[in-house]
Amino acid sequence: MKIAVLRERKTGELRVAATPDSVKKYVSLGASATVETGAGMGAGIADSAYEAAGATIAADASATTNDANIILKVSAPEKEEMMFLPEGAMLIGMLDPYANTDLLAALNIKKISAFSLELLPRISRAQSMDVLSSQSNLAGYRAVIDAVSLFGKVVPMMMTAAGTVAPAKALVLGAGVAGLQAIATAKRLGAVVSAFDVRPVVKEQVESLGAKFVEVPAEESGETSGGYAKEMSDEYKQKQAQLIADTLKKQDMVISTALIPGKPAPVLITEAMVKDMKPGSVIVDLAAASGGNCPLTELDKVVVKHGITLVGYSNLPSRVAVDASQLYARNLLNFVSTLILPETKWEDELITGTLLTKDGMTVHKNFI
């Protein structure tokens, strides 16, 4: 079995789908590994490190994927990469099928069996393969670091001979994996942290990290059976908007992480709310790629509007590419190791939950 690792071609993508450690494991499983030259440079991994781990270095994408059984990617293949995918091969990565609407047809033409790991079911067996958690964790950390770097104030309380400096105040919107890591990071830096989420069940987690939970009094829950956030009623949204508006006025930094799978990001911070914020405050909008939690956010840009700095980076994990690649590669290794076991069946819920296309047909229930 040949496993191919391509260099990522998406603009701004510095991560890589395999590391020397994971390559060693693939070789120990009886597979061969071919890595495109320069694939790991953005993550600080030289070609020689892959060679030392047992991989073959190929000069280009065509040579990398030639006769490959499995192709490992971080993001969905660009149009130019599709021509290099062998017919009937397996493609594994974060393919973002909700946003890449033309991808499935292109994969079906080549009869690719494509696995999108963002769709993994939330079961205990899948925890070691959970790319969303590993990458969101780093995104939450990096969001706070970016906010602090743009904020013209120290974060912790400081007592000096010249007087006391008050700690910065940070609000985290959305207490999923990214939000919880943002809370933890902001607390470690000394900020006074508040957090909001439509799911009351996360209150205990928020408070265990030392943050105040900002809660909308309501009977309805914002959690789906799969543990994700869902869209709320109009009445709830009105109460939510007022609560967020009142809270934002007191904040120095805001980390916004609210997403609804398969839908545009909910608007939580309106232009009117931004106008009422303290001048010099910073908003890092992790939902920028899905439209943004603030309509003033500009994708992959840092802009200042109404005296507020808005950060719209779409790929925060790539801004810590070394660690992001290490974690992602382990996620893929755990998935591939299970996939190639002789006892693994196509009916396995790990397979049915992530398999988008097979034998020229779209097979995932969400995209048929």
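Student: What do the buried residues of H9 pack against?

Tutor: They pack against strands S9 (169-173), S10 (192-196), S11 (212-214) and S12 (253-256), plus helix H10 (271-276). Contact here means heavy atoms within 4.5 Å. Helices (H or I, at least four residues) and strands (E, at least two) are DSSP runs, numbered from the N terminus. Bear in mind that this is a predicted model, where local features need pLDDT of at least 70 and side-chain atom pairs count only at pLDDT 80 or more, while totals for chains, interfaces and linings use all residues. Residues are numbered from 1 along each chain as its sequence is written, and side-chain values use heavy atoms, with hydrogens and water left out.

Student: Which residues of H9 are the buried ones?

Tutor: Tyr236, Gln240, Ile244, Ala245, Thr247 and Leu248. Their arc around the axis, taken from the directions from the helix axis to the C-beta atoms, is only 160°, which puts them on the same side of H9. Asp234, Glu235 and Gln238 are the exposed residues on the face turned away from that buried side. For the cut-offs, buried is under 20% relative accessible area, exposed is over 50%, and partly exposed is in between (1.4 Å probe, protein chains only).

Student: How do you know that the span of H9 agrees with its number of residues?

Tutor: The expected span is 1.5 Å times one less than the number of residues. For the 15 residues of H9 (234-248) that gives 21 Å, and the end C-alpha atoms are 21 Å apart, so the two agree.

Student: And which elements give two or more residues to the lining of the second largest pocket?

Tutor: S10, S11 and H9 do. The lining includes Val192, Ser194, Lys212, Phe213, Val214, Leu243, Asp246 and Thr247. The volume of this pocket is about 190 Å³.

Student: What makes it a pocket and not a cavity?

Tutor: Both are sets of points on a 1 Å grid over the protein atoms alone: in a cavity a 1.4 Å probe fits but cannot get out, whereas a pocket is an open set with protein on both sides within 12 Å along at least five of seven lines. Lining residues have an atom within 4 Å of a point. For the volume, grid points are joined across faces, edges and corners, and the space filled by probe spheres set on the points is taken.

Student: How many residues of each class are in that lining?

Tutor: Four nonpolar, three polar and five charged. Ala, Val, Leu, Ile, Met, Phe, Trp, Tyr, Cys and Pro count as nonpolar, Asp, Glu, Lys and Arg as charged, and the others, Gly among them, as polar.

Student: Why is H7 called largely enclosed?

Tutor: Nine of its twelve residues are buried, so the rest of the structure largely encloses it. Among those nine are Leu180, Gln181, Ile183 and Thr185. They pack against H6, S9, S10, helix H8 (203-208) and S12. After H7 comes Gly190, with a positive phi near 100°.

Student: What covers the buried residues of H6?

Tutor: The cover includes S5, H7 (177-188), S12, strand S13 (282-285) and helix H11 (321-339). Val131, Arg142 and Asp146 are among the buried residues of H6. With 20 residues (131-150), H6 should span 28 Å, and its end C-alpha atoms are 28 Å apart, which agrees.

Student: Is Ser22 buried or exposed, and how do you know?

Tutor: Its relative accessibility is 3%, so Ser22 counts as buried. Ser22 is in helix H1 (20-28), and beyond its neighbours within four places in sequence it contacts Ala329 and Leu333.

Student: What about Asp21: which class does its accessibility give?

Tutor: At 49%, Asp21 counts as partly exposed. Asp21 and Arg330 are 309 residues apart in sequence, yet 8.7 Å apart in space, C-alpha to C-alpha.

Student: What makes the phi of Asp96 worth a remark?

Tutor: Most residues other than glycine have a negative phi, and most peptide bonds are trans. The phi of Asp96 is positive, near 45°, and this residue is in the loop between S5 (90-94) and helix H5 (103-109). His306 also has a positive phi, about 55°, although it is not a glycine. Its place is the loop between strands S14 (302-305) and S15 (308-311).

Student: Why is His306 called partly exposed?

Tutor: Because its relative accessibility is 41%, His306 counts as partly exposed. Asp96, at 37%, counts as partly exposed too.
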